[in-house]
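Biologist: I would like to go through this model feature by feature. Please give the general idea each time, then the case at hand.

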Amino acid sequence: MSRRWFITGGTPGGFGVAFAEAALEAGDRVVLTSRRPQELTTWAVRYSDRVLVVPLELTDAAQVRCAVQAAEEHFGGIDVLVNNAGRGWYGSIEGMDESALRAMFELNFFAVLSVTRAVLPGMRARGNGWIVNVSSVAGLVSAVGFGYYSATKFAIEAMTDALRDEVAAQGISVLAVEPGAFRTNAYAGFSNEPVAEAIPEYHGMLEQVRTAFVEMDGVQPGDPRRGARAVIAAMAQDPPPRRLVLGNSGYDAVIDSLEQILADIRMNEKLSRSADFPT
């Protein structure tokens, strides 16, 4: 049976289009949302009536509901939701502009909730479905200068874990995907935007972060198309994984971080166990 996908964050050269193309290769149909749908016109023509591009500002809850309704009416339902859209920016924990960090949470976390909650009723009514939440390696390994971005992705991880168990009985599967450095346009704007930080003591650290991302732009090791195909392969496993880290460097970073966390927790086992009332 052909599946019907709803994918957010449709940008040429990005993960959204990579997911869409992988689904189309499998014979499925796709609704792809974008803030700038005109950028996808030429791309969509190749797939005729198997693709519907929908304009969507994800932080507008009313637009989210309308987009989901349009997708359900056009294809008759949504079988796979991919929450792909998101944005990251750097800044210190102390000094990052509060409006910027709140905007990042609105897009990276609360918008994901809006789309998920709009799609779930249809999936529950049919008794099946897939939700794929695109997190990040930064959702498992926090990084200096990216603490707030990591916080948005850590929140996605926690929500995804709870959601998976809540909807399993309804026939709905949930997967968290954690890409590392992939060759998308995610880093393209870093070279044009100077460090914006209110506290001078952090400027040097943030300039190093910015420089690293500028130098990596266009040479990231991850291939979005291969990443999207890996996700579809993971979805086909029985049982499917709870999460999928994408990319060699990302995989190594996550394993190293989790091993350090376990070692640190075990080192203080006696203190941890001493906190209960005596038996």
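Modeller: Burial is a matter of relative accessible area: buried means under 20%, exposed over 50%, and partly exposed in between, with a 1.4 Å probe and protein chains only. By that cut-off, 45% of the 279 residues in the protein chain are buried. This is a predicted model, where local features need pLDDT of at least 70, side-chain atom pairs count only at pLDDT 80 or more, and totals for chains, interfaces and linings use all residues. Residues are numbered from 1 along each chain as its sequence is written, and side-chain values use heavy atoms, with hydrogens and water left out.

Biologist: How many helices and strands are there in the protein chain?

Modeller: Helices (H or I, at least four residues) and strands (E, at least two) are DSSP runs, numbered from the N terminus. The protein chain has nine helices and seven strands. Its radius of gyration is 20 Å, close to the 19 Å that the globule rule gives for 279 residues, so the chain is as compact as a globular protein of that length. The radius is taken over C-alpha atoms, and the rule is 2.2 Å times the number of residues to the power 0.38. The C-alpha trace spans about 55 × 55 × 35 Å along the principal axes.

Biologist: What share of the contacts in the protein chain joins residues at least 24 apart?

Modeller: Contact means heavy atoms within 4.5 Å. Among contacts between residues at least 6 apart in sequence, the share is 69%.

Biologist: And the surface and charges?

Modeller: Accessible areas come from the Shrake-Rupley method with a 1.4 Å probe; for residues, only the protein chains shown count as cover. The accessible surface of the protein chain is about 14,600 Å², and carbon and sulfur atoms hold 54% of it. For charges, Lys and Arg count as positive and Asp and Glu as negative, while His and the chain ends are not counted. A charge is placed at NZ of Lys, CZ of Arg, CG of Asp or CD of Glu. There are 25 positive and 33 negative side chains, with the centres of the two sets 6 Å apart.

Biologist: Where does UniProt place the feature "domain: Ketoreductase"?

Modeller: UniProt positions are given in the numbering used here, feature names are shortened, and annotations may be inferred rather than shown by experiment. The unreviewed UniProt entry puts that domain at residues 3-180. Over residues 3-180 the chain is 46% helix and 19% strand, with end C-alpha atoms 27 Å apart. The unreviewed entry also places a "transmembrane region" at residues 130-149. In the model, residues 130-149 are 15% helix and 25% strand, and the end C-alpha atoms lie 25 Å apart.

Biologist: Is valine 54 buried or exposed?

Modeller: Valine 54 is buried, at a relative accessible area of 9%. This residue sits in strand β3. Beyond its neighbours within four places in sequence, valine 54 is in contact with Val31, Leu32, Thr33, Ser34 and Ala67. Threonine 8 is 46 residues away from valine 54 in sequence, and the C-alpha atoms are 9.4 Å apart.

Biologist: Which residues does glycine 250 touch, not counting those up to four places away in sequence?

Modeller: Glycine 250 touches Val137 and Val245 on that count. Its place is in helix α8 (residues 248-267), and glycine 250 is buried, with a relative accessible area of 4%. Glutamate 178 is 72 residues from glycine 250 along the chain, yet their C-alpha atoms are separated by 8.0 Å.

Biologist: Where is threonine 184 placed?

Modeller: Threonine 184 is in the loop between β6 (172-179) and α6 (203-216).

Biologist: What should I look for in the backbone?

Modeller: Two local features stand out for reading. Serine 48 is a residue other than glycine with a positive phi, near 50°. Serine 48 lies in the loop between α2 (41-45) and β3 (51-55) and counts as exposed at 53% relative accessibility. A cis peptide bond, with omega about 0°, joins aspartate 238 and proline 239. Proline 239 belongs to the loop between α7 (224-235) and β7 (243-246).
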